[in-house]
Amino acid sequence: MERTKKSARNKTIDLSVSEGQAYLERCIQVTKKTTLPHVLDKTICGDSFAVMPKLPAGFADLIICDPPYNLTKDFGGRQFKATSEKEYLAYTRRWMTLAERLLKEDGTMYVCCDWRSGIVIGQALAERFIIRNRITWQREKGRGAARNWKNSMEDIWFVTKSDRYTFNTDAVKLRRRVIAPYRVDGKPKDWEETEEGNFRNTCPSNFWDDISVPFWSMPENTAHPTQKPEKLLAKLILASSDAGDVVFDPFLGSGSASVTAKKLGRHFVGIEQNEQYCVWTEKRLSDAENDKTIQGFSDGVFWERNTRK
Ligand SMILES: C[S@@+](CC[C@H](N)C(=O)[O-])C[C@H]1O[C@@H](n2cnc3c(N)ncnc32)[C@H](O)[C@@H]1O
């Protein structure tokens, strides 16, 4: 079938499996027990439930999970069907037990969810981890509803295995415009005067209103239905890992966690069952060889929504 021509400004990555065959060939399959060097900096094309038991225990410093929420959704031809809370809890416990084995004793895990799946996921997390926080991301975009509030938030649970864990607050400061600049002896108090205006670097909170969903004019955008922005991943990775650490994502999708990890000097391992999404991941990883920019993150700080390209 002939595809409609994209406008020149539309940067969406949507190449097909046949167009991206060379990218697909960079992915690996894991069918028997394996070692870290074999999977390091790789995209594993396969079913996480089958692959995770083959990976070495405790290899991950940071796990970022963005599992299918309990909604009926088509992921490249494979449908995830909304199910009862009881069944979704059983499904969550299954992947979480497998992921727990792969996390270092001093490691951190983040799990993305919406308000409904978050109830179940929070319960399963509390059974085996120390819950440290729950971040709310105001993603803004959402489908309007006639008899309910539009759902425009997502949550991210922050958990650890023990009280020893990495948290780099200074790496995730948010640069906010100063509304009422306060001076002491004529000098700015905890803020900076620049040609672009007055700014202050503020401590990161658990409410994130500075991140937009990827859209068609952004080079990171793919045709994946639930792609997370690199800026969001960058906050998780910078706060909860150090350069050279290993970031693992068992529901990789279009590769956002691996790509952002690579841009920030971390190692990565990701699993995705859909070949099409693996192609997009590898294309993005290849682009990241030459372009390490993350939209909304520059000069070592995160900028408020729409203040930086
Ligand atoms: C919510 S999306 C993740 C999106 C991702 N964070 C991104 O930024 O693109 C969930 C992904 O998990 C994949 N998936 C679902 N079940 C899986 C399984 N058992 N093994 C591997 N991948 C799976 C789906 O194909 C989908 O791409």
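The model is predicted: local features need pLDDT of at least 70, side-chain atom pairs count only at pLDDT 80 or more, and totals for chains, interfaces and linings use all residues. Residues are numbered from 1 along each chain as its sequence is written, and side-chain values use heavy atoms, without hydrogens and water.

**Ligand surroundings**
- The ligand is surrounded by 21 residues, each with a heavy atom within 4 Å of it.
- The closest are Asp66, Lys228, Ser254, Ser256 and Glu272.
- Glu272 places a polar side-chain atom 2.7 Å from a ligand oxygen atom.
- A backbone N or O atom of Ser48 lies 2.8 Å from a nitrogen atom of the ligand.
- For Gln273, a backbone N or O atom lies 3.3 Å from a nitrogen atom of the ligand.

**Helices α6 and α7**
- Helix α6 (residues 230-240) packs on helix α7 (residues 256-263) at about 60 degrees, with the axes 9 Å apart.
- Glu230, Leu233, Ala234 and Ile237 of α6 meet α7 residues including Ser256, Val259 and Lys263 (contact means heavy atoms within 4.5 Å).
- Six residues of this α6 and α7 contact are nonpolar, two polar and two charged.

**Helices α4 and α5**
- Helix α4 (residues 85-102) and helix α5 (residues 115-126) pack at about 45 degrees, with their axes 9 Å apart.
- That makes α4 oblique to α5.
- Among the α4 residues that meet α5 are Tyr88, Leu89 and Met96.
- The α4 and α5 contact has seven nonpolar, three polar and two charged residues.

Definitions and conventions:
Axes fitted to C-alpha atoms, helices over the stretch in contact; angles between N-to-C directions. Helix = DSSP H or I, 4+ residues; strand = E, 2+ residues; numbered from the N terminus. Nonpolar A, V, L, I, M, F, W, Y, C, P; charged D, E, K, R; others polar. Polar contact = N/O pair within 3.5 Å; in protein donor to acceptor, adjacent residues only side chain to side chain. Parallel < 35°, antiparallel > 145°, perpendicular 65-115°, else oblique.
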